[in-house]
Amino acid sequence: ADDDQGGEDYLFKIVLIGDSAVGKSNLLSRFARNEFDNNSKATIGVEFQTQVVEIDGKEIKAQIWDTAGQERFRAVTSAYYRGAVGALIVYDISRRTSFDSVKRWLDELGGHCDTATIRMLVGNKCDLENIRDVHVGEGKYLAEEEGLFFMETSALDSTNVRTAFELVVREIYNNVS
Ligand code: GDP
Ligand code: MG
């Protein structure tokens with residue numbers, strides 16, 4: 001606890017969900033360590049990373065959970081979702097099947113988290129404009145339909161990565177403060 005701050009401490013659990021290989025692990029490593037990994041290897045070991053975000057002069061700890069590759073087996077456990085106050089549902093703008101899966105991920109999320117959980121739809125790999133398979137308008141439309149925030153990102157060139165995570169943290173903060 002930051003007793004010297006004289007204020008409250010905030011710890012927000014945020015989960016990353018979405019099909020395998022959409023870039024969840026790289027979004028997290030870009031946000032938490034400013035790193036990108038070109039090798040498409042399954043996530044190993046790390047359950048979550050904590051990143052401090054400052055909002056209105058308050059230090060907020062964003063504890064961001066990454067799947068350990070369980071999504072390949074369509075079996076993300078309920079422990080993964082437990083206590084989550086935010087979720088980023090990620091698809092790959094160059095792979096339509098990952099966009100088609102979004103509704104299924106939303107259903108699963110809805111089965112584990114209440115409606116107060118802040119949700120953002122994230123179209124990752126927007127650097128791959130030349131092989132785009134999902135129009136930005138489709139992402140926007142789905143987000144509007146489902147009541148989600150929306151952003152396109154690139155973990156590769158950093159576009160909107162910090163902005164997306166910080167927006168989710170800010171919205172959670174606005175909800176609880
Ligand atoms: P995860 O399975 O959802 O965690 O996806 P990964 O983070 O492991 O990424 C899967 C593959 O996509 C890897 O080869 C990454 O290098 C690549 N990748 C991730 N994010 C981006 C991005 O924003 N742009 C591009 N071009 N490739 C990406
Ligand atoms: Mg991963």
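S158 sits in the loop between β6 (149-152) and α6, where helices (H or I, at least four residues) and strands (E, at least two) are DSSP runs numbered from the N terminus. The model is a predicted one, in which local features need pLDDT of at least 70 and side-chain atom pairs count only at pLDDT 80 or more, whereas totals for chains, interfaces and linings use all residues. Residues are numbered from 1 along each chain as its sequence is written, and chains are lettered from A and ligands numbered from 1 in the order in which they are written.

Most residues other than glycine have a negative phi. S158, although not a glycine, has a positive phi of about 80 degrees, and with 15 other C-beta atoms within 10 Å it is partly exposed. The burial classes rest on C-beta atoms placed from the backbone: a residue is buried if 20 or more others lie within 10 Å of its own, exposed if 12 or fewer, and partly exposed in between.

D56 is likewise not a glycine and has a positive phi, of about 50 degrees. D56 belongs to the loop between β2 (48-55) and β3 (58-65), and it counts as exposed because it has 9 C-beta neighbours inside 10 Å.

## Helix α6

Helix α6 covers residues 161-176, and its 16 residues should span 22 Å at 1.5 Å a residue, which agrees with the 23 Å between its end C-alpha atoms; the expected span is 1.5 Å times one less than the number of residues.

The buried residues in α6 are V161, A164, F165, V168, V169 and I172. Seen down the helix axis, the buried residues of α6 fall within an arc of 130 degrees, so they line one face; the arc is that of the directions from the axis to the C-beta atoms. An α-helix has 3.6 residues a turn, so residues three or four places apart point the same way. On the face of α6 turned away from the buried side are the exposed residues T163 and N174.

## The chain as a whole

Six helices and six strands make up the elements of the protein chain, and from the N terminus on they run β-α-β-β-α-β-α-α-β-α-β-α. The radius of gyration, taken over C-alpha atoms, is 16 Å, close to the 16 Å that the globule rule gives for 177 residues, so the chain is as compact as a globular protein of that length. That rule is 2.2 Å times the number of residues to the power 0.38.

Along the principal axes, the C-alpha atoms fill a box of roughly 50 × 30 × 30 Å, and 38% of the 177 residues count as buried.
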